[in-house]
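Me: I am new to this structure. Please take me through what its labels rest on.

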Amino acid sequence: MKQETTAQRWRRWGAIVCLFFPLLLHASEQHGSVLSNHFPVPGATIIATQGDRKFVTVSDEHGNYSFADLPDGTWKIVVTMSLFSPVEQEIMVHAGTAAANFELKMLSVDQMLASAKLSTAHSAEPSAPPASGATTSPQKTAAREGLVVNGSVNNAATSQFSLNQAFGNTRNHSHGIYNGGLGLIFGDSALDARSYSLSGVEAAKPGFSQVTLTASLGGPLVIPHLLVRRGPNFAVNYELTRDNDAVDQTGLVPTLLQRTTTVSAIDPVAQALLDYYPLPNVTGDSSYNYQLPVVNPTHKDALQSRLEKNFGRDSITGKFAFQDSRADTTSIFGFRDTTDTLGLNTDVTYSHRFAGNMFANVEYQFSRLRSQITPFFADRVNVSGEAGMTGNNQEPTNWGPPTLNFSSGIVSLTDAESSLNRNETNSIGGHLEWFFHRHDITAGGDFRRQEFNYYSQENPRGIFTFNGDATGSDLSDFFSGIPDTASLVSGNPDKYLRESVSDLYATDDWHLAPDLTMNIGLRWEYSAPVTELKDRLANLDVSSGFADVATVVATDPVGAITGEHYPNSLLRPDRSMIEPRLSLSWRPLAASSLIIRGGYGIYADTSLYQSIALQLAQQAPFATSISASNSICAQSLKTGPNACSESTADLFGIDPNFRVGFAQVWQVSAQRDLPAALQMVVTYQGIRGSNGVQQFLPNSYPVGATNPCASCQSGFNYETSGGSSSREAGTVQLRRRLRSGLTASLQYTYSKSTDDDSALGGQGPLAAGATSAAATTMSTAQNWRDLGAERSLSSFDQRHLLNATLQYTTGMGIGGGTLMSGWLGRMYKEWTIVNTIAAGTGMPETPVYDAIVPGTGFSGSIRPDRTSASLYDGPAGHFVNPAAFTAPQSGQWGTAGRDSVTGPGTFTFDSSLQRTFRPTQRYYLDIRADATNVLNHPVYTSYNLTVDPTTTNTIFGVPASVNAMRSLKITARLRF
């Protein structure tokens with residue numbers, strides 16, 4: 001692989017950006033159109049909400065709308081229009097989000113009259129219109145800016161001699177009141193490029209196909225003899241997916257020479273496990289010597305339905321959805337594991353209008369998710385038993401190989417763990433909205449009861465790590481059957497976790513003046529620490545300085561050392577989370593398009609409680625939990641992990657006064673229109689996080705040092721909430737409004753993120769002895785006595801990011817061919833092409849020195865020493881220089897910083913082409929082609945950064961993974 005320099009990479013990005021500079025659109029823009037019977041509806045109000053955040057815009061004369069700066073995530077989009085029923089939909093906003101289409105339906109005569117009275121009541125209020133761009137209430141915005149249907153050109157639809165009768169419910173036949181569609185999304189291996197090979201040798205391209213079928217139908221529900229007149233409106237959507245993805249699995253496996261010359265006699269257990277390793281199939285000068293092209297199939301069926309009915313001032317809306325999926329994942333060893341999920345979701349909402357300016361909603365939600373993972377060997381082959389192992393769990397559901405980790409970079413032998421999880425949530429909430437003079441006041445609350453029912457064992461087959469401590473070579477240790485560290489977490493498979501979450505909130509959308517709008521809010525949120533139905537939780541009761549450690553359980557929550565009394569969750573609740581919110585929109589100059597926006601808010605994070613409870617449930621006395629090193633307790637593959645008096649049976653502890661983490665977010669922006677239909681937005685955002693998670697190994701010490709406290713207990717992870725984080729970002733966006741079929745935007749973001757938070761800056765699981773699901777997302781501090789030394793760039797820190805997209809529709813505007821007629825006009829018009837580009841610098845990664853942390857059974861938290869060698873000037877094929885790092889000095893922690901290596905840069909270039917054909921007045925055919933990675937350019941996602949104590953690691957600094965190559969999908973949808 002030829003290394004591309006940073007300068008070459010930026011020149012390539014610059015050439016592409018210059019090519020599309022006048023035609024580029026922000027990747028996170030959400031846009032779409034509002035239609036009625038497939039005709040554009042101008043003046044409709046579109047509201048985007050996410051939690052307490054709300055943005056409002058209005059559709060233009062073509063029925064199009066756009067939100068230029070929605071943050072990525074799930075947003076609820078609500079479309080309202082005078083004399084039409086509102087429509088809502090949840091949309092995932094991200095780079096390259098497709099356009100959304102909303103179909104409005106006209107109200108009945110009775111509903112129109114009631115709506116007219118409501119509009120009259122609002123128009124009588126002494127309230128001035130808000131500033132352009134300010135957040136306003138949906139009803140008031142609709143009344144002020146909505147299209148008045150009476151007297152408009154749309155009324156010509158009532159005459160059969162003027163416009164086509166396809167507006168509202170004026171079509172000739174009763175079946176015309178129903179809308180529906182059929183869709184097909186198709187992909188095939190013949191349309192996609194070959195997967196990129198990290199080994200440098202092209203592998204065979206497997207054949208596969210990708211098919212998604214969709215069907216939708218909506219309209220009034222009519223049941224003979226029961227609902228003779230038009231009943232409630234319904235909508236049903238069904239999606240069937242039969243997908244296949246081709247992946248090249250690449251890795252390093254033992255060679256034939258290594259198998260025959262490493263040791264004179266191989267341990268029988270090691271030999272049995274070695275037989276699962278394939279022989280190399282890649283030759284030549286490559287860092288990887290084995291690759292396997294695999295196809296992973298996914299089968300999914302999904303149904304969404306909606307039923308709504310209005311009763312004067314009352315309305316009821318019900319939703320039901322389910323999704324059933326089956327996905328297979330094949331490892332480099334050919335082990336195919338299966339994941340089956342079934343999800344159900346029900347939502348019932350009751351709304352009531354007390355008067356013309358007061359509304360109330362009450363909502364109940366129920367959801368259930370069942371997920372089952374079936375490993376390749378479960379109930380088929382007892383790999384451990386047949387190999388002669390005796391120390392691990394060998395129940396049929398847990399059959400399979402133990403996990404083997406090697407410091408030299410040899411791919412780990414592993415397989416998925418069996419699990420059957422059933423999670424359920426019941427929630428009820430409501431809010432009251434009151435429009436009073438210049439105020440739009442909303443107040444409400446929610447209560448949610450969550451159940452997490454697990455049937456799984458975290459590490460029943462054991463994890464064995466080999467790094468050469470015993471013989472000087474990781475392979476020699478393995479062939480001798482001597483693991484350097486061994487861990488096991490088994491027992492207590494059934495766990496029934498329970499959690500209650502409550503919140504109260506109030507907001508006031510206050511229109512102080514025609515050019516100033518302010519939103520003031522306050523939210524209280526409380527998430528109770530998770531409990532276990534049968535009180536099977538265990539924590540560590542520790543003395544000051546961690547000199548003494550004892551176990552405390554939920555059935556007897558009194559600390560043996562401290563004498564403190566704990567709740568049955570073993571964590572004291574944190575009810576102090578009050579979250580103020582403030583935002584404003586201001587037009588400082590009446591004759592100017594300049595708009596200033598600003599905001600501040602506090603946001604809590606209670607998502608860690610579930611993973612904490614899982615760890616507390618997976619240790620003694622309710623489960624067997626061992627993590628030990630061969631230097632403390634003699635270990636062997638045959639007998640499995642061995643605990644002795646110097647290692648602890650509990651592997652995890654957490655501060656009982658653990659606090660809920662929260663982030664303070666502030667933002668200010670300035671927006672102004674420029675000539676040539678351009679608009680510029682400059683934004684500054686700051687975030688400061690507090691009460692972040694910090695994970696460390698108490699009483700550990702550097703390699704080669706003398707144990708400062710031989711009588712202190714060690715060998716366990718401990719978590720506190722003393723971490724912090726910060727992020728500052730400046731963004732400049734230049735946007736071209738839709739004009740003559742062209743809309744575009746260019747956005748550049750400069751940011752910096754730092755933290756000493758284990759949940760934010762993690763490099764992944766501990767290389768050996770990873771004993772919990774949470775460990776896969778937590779980094780462990782190197783020096784437990786100096787947690788401040790962990791302060792570094794965040795793992796998601798991306799200093800420079802450029803986003804751009806172009807969208808052009810043919811046949812719009814005089815110069816764009818709108819007057820073109822005949823067959824040439826029919827062929828040329830209404831094609832829409834969208835190109836999106838995202839280019840950014842790499843994100844930080846952490847170098848790891850793969851040695852055992854003395855006094856524990858863990859490895860992976862020690863970092864190497866940084867040398868004077870150039871960091872990125874490595875040998876051919878190595879993007880990070882192996883000579884830049886070396887083993888730490890004896891008795892000292894490594895000097896290399898956490899997240900001190902910049903990973904591969906990011907680059908995506910996607911494109912789509914679409915058009916709507918109209919075979920008849922009632923049928924529409926949408927055709928779309930989507931291409932990802934149009935340039936078919938390989939983009940690496942991470943590097944191998946493990947320094948091997950035996951210096952036999954040949955893959956340090958080479959890419960560890962790569963994004964998918966070019967893929968093409970065709971979509972066809974028939975609407976009627």
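Reply: Start with burial. This is a predicted model. Of the 976 residues in the protein chain, 49% are buried. The chain holds 9 helices and 49 strands.

Me: What makes cysteine 709 and cysteine 712 a disulfide?

Reply: Their sulfur atoms are 1.7 Å apart. The cut-off is within 2.5 Å, so the pair counts as a disulfide. The structure holds 1 disulfide.

Me: Why is this disulfide called right-handed?

Reply: The torsion about the S-S bond of cysteine 709 and cysteine 712 is about 65 degrees, so the disulfide is right-handed.

Me: Why is cysteine 709 called partly exposed?

Reply: Its relative accessibility is 22%.

Me: Which residues touch the most other members of the largest nonpolar core?

Reply: Tyr277, Leu404, Phe478 and Phe885 do, in a core of 51 residues. Helix H5 (268-274) and strand S18 (403-406) are among the elements that each supply at least two residues. H5 gives the most, with 4 residues.

Me: What is leucine 404 in contact with, leaving aside neighbours within four places in sequence?

Reply: Its partners include Leu273, Tyr277, Phe464, Phe466, Phe478 and Leu637. A second, separate core has 23 residues, including Leu537, Tyr566, Met577 and Val693.

Key. Residues numbered from 1 in each chain as written. Predicted model: local features only at pLDDT ≥ 70, side-chain atom pairs only at ≥ 80, totals over all residues. Heavy atoms only, no water. Buried < 20%, exposed > 50% of the residue type's maximum accessible area, 1.4 Å probe, protein only. Core = buried A, V, L, I, M, F, W, Y, C linked by side-chain atoms within 4.5 Å. Contact = heavy atoms within 4.5 Å.
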